[in-house]
Amino acid sequence: MEFKIRNIDIVKDKDFILDCHCKTNFASDSEWAVQMGYEAYARKWFSTNQPNEFFHALIESMADPRNIAVVCETDHEYVGYLWVRFTDVPEYNLTIAEVDDIVIVDKWRKKGFAAQLLEYAEKRCKQAGATVLRSATGINNIASLNLHQKAGFKIYRVELRNYYK
C-alpha cells in the first residue's frame, strides 16, 4: 500500500501531530518515562506548556520553504508525519537539515513506510541544499535506531545525564 504526502494543515492535523509527538517522545525517553507508563506520561506532557511550544515551533518553521512539515496518509487515515528543519552554519560552509520528528502510527509500522519517508526526507533535503542530514532518537528507541542505521546514518554523538532528586 502507498501513502500520499501533503503539507501539514495546522488546524486539521494539530491533534494528530501532538499525539504522535508525545508518543515518539515517550518511545525515546529514559527509564523514568517507561516506569511511569505512557498514559501517565501523556497526561503530564499535555498538562504542561510543552505541546503549545512544540506546535508553535513547528508553525514558525513552516515559514522557511526548505523546511519539511508533511503528513502521510492513505485515502482514509493518517499514516504518520515528518518534520525537518534547516540551519545554515556559514562559518563551516554547512547547511544542516535536522529531522525533528519522523513518526509512523502503530497500525502502519513494519510495512516500510518509515524507510520511504526517510528516503523522501533525504531527497528533499539534498534538493534544498543540505550538506548534512541529522536525526536524533532515544537510546531505547530500537526501531528508530535500526531505521536510521539501515539508511546509512552513523552515530556521531552520545549524550549522557544523571538525575538528582
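Biologist: In which strand is Ile5 found, and is Ile5 buried, partly exposed or exposed?
Modeller: In this predicted model, Ile5 is found in strand β1. Its relative accessible area is 31%.

Biologist: Which residue meets Lys4 in a salt bridge?
Modeller: Lys4 lies in strand β1, and the pair links distant parts of the chain, 71 residues apart. The other member sits in the loop between β2 and β3. The N to O distance is 3.5 Å, and the partner is Asp75.

Biologist: Why does Asp75 count as exposed, while Lys4 is partly exposed?
Modeller: Exposed means over 50% relative accessible area. Lys4 has 46%, and is therefore partly exposed. Asp75 counts as exposed because its relative accessibility is 62%.

Biologist: What is the N to O distance in the salt bridge of Glu98 and Arg134?
Modeller: Glu98 is in strand β4 and Arg134 in strand β5, 36 residues apart. Arg134 is partly exposed, with a relative accessible area of 24%. Their side chains meet at an N to O distance of 2.8 Å.

Biologist: Which element supplies the largest share of the largest nonpolar core?
Modeller: This core has 22 residues, and Val79, Leu82, Val84, Ala97, Ile102 and Cys125 touch the most other members. At least two residues of the core come from each of β2, β3, β4 and α5. The largest share is 5 residues, supplied by α5.

Biologist: Is Ser144 buried or exposed?
Modeller: Ser144 is placed in helix α6. Its side chain is joined to that of Thr137 by a polar contact of 3.2 Å. Buried means under 20% relative accessible area. Ser144 has 14%, so Ser144 counts as buried.

Biologist: How much accessible area do Ile10, Val11, Ile59 and Met62 have together?
Modeller: One of these residues, Val11, is in the loop between β1 and α1. Val11 is exposed, with a relative accessible area of 70%. The four residues form a nonpolar patch on the surface, and their accessible area together is about 320 Å².

Note on methods: Residues numbered from 1 in each chain as written. Predicted model: local features only at pLDDT ≥ 70, side-chain atom pairs only at ≥ 80, totals over all residues. Heavy atoms only, no water. Helix = DSSP H or I, 4+ residues; strand = E, 2+ residues; numbered from the N terminus. Buried < 20%, exposed > 50% of the residue type's maximum accessible area, 1.4 Å probe, protein only. Polar contact = N/O pair within 3.5 Å; in protein donor to acceptor, adjacent residues only side chain to side chain. Patch = residues over 30% accessible without salt bridge, like charges linked within 9 Å, V, L, I, M, F, W, Y side chains within 5 Å. Areas by Shrake-Rupley, 256 points an atom, 1.4 Å probe, with all protein chains shown as cover. Core = buried A, V, L, I, M, F, W, Y, C linked by side-chain atoms within 4.5 Å.
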